[in-house]
Amino acid sequence: MPLSPEQQQAVRESTAARIAEAARLYGRDFAPIPVRFDLRGSSAGQFRYRRIGRRHEYLIRYNPWVFAADLAHHRLDTVAHEVAHYIVHLLHPGAKPHGQEWKVLMRRFGATPRACSPYDLTGVPLRRQQRHPYRCACPDRLHTLSTTRHRRILQGTRYLCRQCGKGLIQRPGSPEQP
């Protein structure tokens, strides 16, 4: 694991401190939120909300690899970003993820309201999605589809070429032909 247990605890404390700061700003209490370090890929953080019957489940996930590349920056910016999503969701259900309410809270936190932060991903293990070759009626046109769309085609969804309007079919010799 790229972050030590002590570093993970420091990020959890930063998250709790931002929630406490929001409580002071809005004059009300907000429940603590579980924090996990299991996010992968190029995202630094993620706020998740799920409704299970009448119960609501909230979670913040952080990418330990991205955090390890610049821990000080992410403890300030990424933590503020994800906590702002949590607080805005509680105060303004249905608000846009990076809408005005979120931007206002980010500024009140003293953070820059950006949807994405440019950071160096050198050394961060990234999962690349496989691409699948397809063809249409165009003689010189090749379509490359994501695994998601490839699987949908295997299940019966039809995708059409925007130029010729014909259905896409998998190129001969490709694995898993429909």
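Predicted model: local features only at pLDDT ≥ 70, side-chain atom pairs only at ≥ 80, totals over all residues.
Q: Start with α1 and α3. How close do their axes come, and at what angle do they cross?
A: Helix α1 covers residues 5-26 and helix α3 covers residues 71-91. Their axes come within 9 Å and cross at roughly 45°. The two helices are therefore oblique to each other.

Q: Is that crossing right-handed or left-handed?
A: The crossing of α1 and α3 is right-handed.

Q: Which residues in α1 and α3 meet?
A: From α1, the set is Q7, A10, V11, S14, T15, R18, I19, A22 and Y26. On the α3 side, they meet L71, R75, L76, V79, A80, V83, Y86, I87 and L91.

Q: How do the residues of that contact divide into nonpolar, polar and charged?
A: The contact of α1 with α3 has 13 nonpolar residues, three polar and two charged.

Q: Take S14, in α1. Buried or exposed?
A: S14 counts as buried, because its relative accessibility is 12% and the cut-off for buried is under 20%.

Q: What is S14 in contact with, leaving aside neighbours within four places in sequence?
A: S14 is in contact with R75 and V79. Both belong to the α3 residues that meet α1.

Q: Now α4. How do the axes of α3 and α4 cross?
A: Helix α4 spans residues 100-108. Its axis and that of α3 come within 9 Å and cross at roughly 130°. That makes α3 oblique to α4. The crossing is right-handed.

Q: Which residues meet there, between α3 and α4?
A: A80, H81, A84, H85, I87 and V88 in α3 meet E101, W102, L105 and M106 in α4. By class, the contact has seven nonpolar, two polar and one charged residues.

Q: Switching to strands. What is the order in the open sheet of three?
A: The order is β5-β4-β6, and the pairing is antiparallel.

Q: Which strands stand at the edges?
A: β5 (142-146) and β6 (169-170) do. Each has a single partner strand, so one side of each lacks a neighbour in the sheet.

Q: How many bridges do β4 and β5 pair over?
A: Five, in the antiparallel sense. A hairpin of six residues joins β4 to β5.

Q: And how many between β4 and β6?
A: Two bridges, again antiparallel, with β4 spanning residues 131-135. R135 has I169 in β6 as its bridge partner.

Q: Which strands does α5 lie across?
A: Helix α5, residues 147-154, lies across β4, β5 and β6. It runs at about 95° to β5.

Q: Back to β3. Parallel or antiparallel to β1?
A: Parallel. Two bridges join β1 (residues 35-36) to β3 (residues 55-62). V35 has I60 in β3 as its bridge partner.

Q: How many bridges join β2 to β3?
A: Eight, and those strands run antiparallel. β2 covers residues 45-52. Q46 stands opposite R61 in β3.

Q: What is in the hairpin turn between β2 and β3?
A: Two residues lie between the strands. G53 in the turn has a positive phi of about 65°.

Technical notes: Residues numbered from 1 in each chain as written. Heavy atoms only, no water. Axes fitted to C-alpha atoms, helices over the stretch in contact; angles between N-to-C directions. Helix = DSSP H or I, 4+ residues; strand = E, 2+ residues; numbered from the N terminus. Parallel < 35°, antiparallel > 145°, perpendicular 65-115°, else oblique. Left-handed = near helix turned anticlockwise from the far one by under 90°. Contact = heavy atoms within 4.5 Å. Nonpolar A, V, L, I, M, F, W, Y, C, P; charged D, E, K, R; others polar. Buried < 20%, exposed > 50% of the residue type's maximum accessible area, 1.4 Å probe, protein only. Pairing = 2+ DSSP bridges.
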